[in-house]
Amino acid sequence: MRVLLIGANGYIGRFVADRLLADPAVQLTALGRGDDADVRFDLASGSPGALTRFLDAVHPGVVVNCAGATRGGARELTRHNTVAVATVCEALRRSGCGARLVQIGCSAEYGPSQPGSSTAEDAVPRPGGPYGVSKLAATELVLGSGLDAVVLRVFSPAGPGTPAGSPLGRLAEAMRRAMQSGDGELKLGGLGAQRDFVDVRDVARAVHAASLSAAQGVINIGSGRAVRLRDAAAVLARVAGYGGALHELDGPPGALRPAIGHPRPDSDHGPQVAYPYPDGCGSWQQADVRTARDRLGWRPRIGLEESLADIWMEAACRI
């Protein structure tokens, strides 16, 4: 099976590449903007015609799109998350390869949900920010393309390679600094949010399963369990061996809170840092993952403690 992987150097893409390369039946070609890609191509600026010619030459059976941007303004997010996917869909429609498309979506497409609820694929998406809007637009393009396609809506990925700017990455860095300086207490803000964390290696397994399946439409990929960030902080302290006290700085609902690892300003006139989950998803997200189980035969295998231990190992190497 020839697989064309777009975005192999990204956080999720690296693990998808490892998973696909471990399958002896897969012949993998990586397409991206970096010098180490098999084929250099920028989806945000390249034409569908140029990509079509490449598809016709390689003739993949599956195209996996892990490319995209998580940060930036609305214009940049639209270019990398929406326009890029429009280019992929149009190129696949023009090509004679007949490839199946596996698109990586995001739980930010759903927006806020009711605390205590599990979000299923038939929920009406109401993204609360430009990132979720750009990803939802990409999903709608894929679903309306007429292609053999599936969109995996990934909830909050965790584990090795977690970006330092993510909430869990910032949490690990704050703890590393506290241990390095011998601080007996760690003041953290923004710990009230609850998210469904899923290990990035389990996400890669889901992509592999989706590549081999005939499932179409949207499929949630998550653990099926929301975890409060303050509980994740406690687990991280345990695996790190941090014996200091964790002090939560969360203020009243709706107030601006310090981001993880940033002390509260001493003065009321000091700078404030916005809530550490700028994903527009409010205080709660939890996936209903029954579709992934029923249609992909997929279940998460790696627990949050193992994911956090791997995040910590990478952070500790910077001491």
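1. Contact here means heavy atoms within 4.5 Å. On that basis, and bearing in mind that this is a predicted model, leucine 152 touches Val102, Gln103, Ile104, Gly105, Cys106, Ala206, Val207, Ala210, Ile219, Ile221 and Leu296, once residues up to four places away in sequence are not counted.

2. Leu152 also belongs to the largest nonpolar core, a set of 34 residues in which Ile12, Val16, Val64, Leu152, Ile221 and Leu296 touch the most other members. Helix 6, which spans residues 200–212, supplies the largest share of this core, namely 7 residues.

3. The crossing in which helix 2 passes helix 3 is right-handed.

4. Which residues make the contact between these two helices? Helix 2 contributes Pro48, Gly49, Leu51, Thr52 and Leu55, while helix 3 contributes Thr87, Val88, Glu90, Ala91, Leu92 and Arg94. Sorted by class, the contact of helix 2 with helix 3 consists of 6 nonpolar, 3 polar and 2 charged residues.

5. Threonine 82 also lies in helix 3, and its relative accessible area of 13% makes threonine 82 buried, because the cut-off for that term is under 20%. Apart from neighbours within four places in sequence, threonine 82 is in contact with Leu77, Ser134, Ala137, Ala138 and Leu141.

Terms used:
Residues numbered from 1 in each chain as written. Predicted model: local features only at pLDDT ≥ 70, side-chain atom pairs only at ≥ 80, totals over all residues. Heavy atoms only, no water. Left-handed = near helix turned anticlockwise from the far one by under 90°. Helix = DSSP H or I, 4+ residues; strand = E, 2+ residues; numbered from the N terminus. Nonpolar A, V, L, I, M, F, W, Y, C, P; charged D, E, K, R; others polar. Buried < 20%, exposed > 50% of the residue type's maximum accessible area, 1.4 Å probe, protein only. Core = buried A, V, L, I, M, F, W, Y, C linked by side-chain atoms within 4.5 Å.
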